[in-house]
Amino acid sequence: MTQSNASPSSNSRIIVQKNISKSQLSELGVKYWPKWACSAGKYQLKFDAQETCYLVKGQVKVYPKNLPNEVVEFGAGDLVIIPKGTICTWDASSHVDKHYKFDPSSSP
């Protein structure tokens, strides 16, 4: 896992963790997090709080607005941390199912 923080608010990068073990998922309580789903397509999203999500199904390419030359890809089985303040386009190549939680300490 790597993280680059040129500026804590606007330039924080999306973190993708692959090969998360069942024990790690259990420790995090992922199965108790709310669920969200979307069909294949492009979505403009803004994150008002830090989100941690676990993709159960699907594949996504994310284009962060503050990093125009960066594309972040993740899919089923990945744990993703999206920093507060992220504005991006999600390009879902197939139906996406995910569990998610917001970090209450990062809410506005």
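Student: How much accessible surface does the protein chain have, and what percentage belongs to carbon and sulfur atoms?
Tutor: The model is predicted. Its protein chain has an accessible surface of about 6500 Å². The part that belongs to carbon and sulfur atoms is 50%.

Student: What percentage of the residues is buried?
Tutor: A residue counts as buried under 20% relative accessible area. The protein chain has 108 residues. Of these, the buried part is 40%.

Student: In what order do the helix and the strands follow each other?
Tutor: The protein chain holds one helix and nine strands.

Student: Which strands are the edges of the five-stranded open sheet?
Tutor: The sheet has the order β1-β7-β4-β9-β2, with antiparallel pairing. An edge strand pairs on one side only, and this holds for residues 15-17 and residues 35-38. The edges are β1 and β2.

Student: By what angle are neighbouring strands of this sheet turned against each other on average?
Tutor: The angle is taken with direction ignored. For neighbouring strands of this sheet, the average is 25°.

Student: Which residue stands opposite Ile 15?
Tutor: Strand β1 is joined by three bridges to β7, residues 79-82, and the two run antiparallel. The residue opposite Ile 15 lies in β7. It is Ile 81.

Student: What percentage of contacts between residues at least 6 apart in sequence joins residues at least 24 apart?
Tutor: A contact here means heavy atoms within 4.5 Å. Among contacts in the protein chain between residues at least 6 apart, the part joining residues at least 24 apart is 78%.

Note on methods:
Residues are numbered from 1 along each chain as its sequence is written. This is a predicted model: local features need pLDDT of at least 70, side-chain atom pairs count only at pLDDT 80 or more; totals for chains, interfaces and linings use all residues. Side-chain values use heavy atoms; hydrogens and water are left out. Helices (H or I, at least four residues) and strands (E, at least two) are DSSP runs, numbered from the N terminus. Buried means under 20% relative accessible area, exposed over 50%, partly exposed in between (1.4 Å probe, protein chains only). Accessible areas come from the Shrake-Rupley method with a 1.4 Å probe; for residues, only the protein chains shown count as cover. Two strands pair if DSSP finds at least two bridges between them. Axes are lines fitted to C-alpha atoms, for helices over the stretch in contact, and angles run from 0 to 180 degrees between N-to-C directions.
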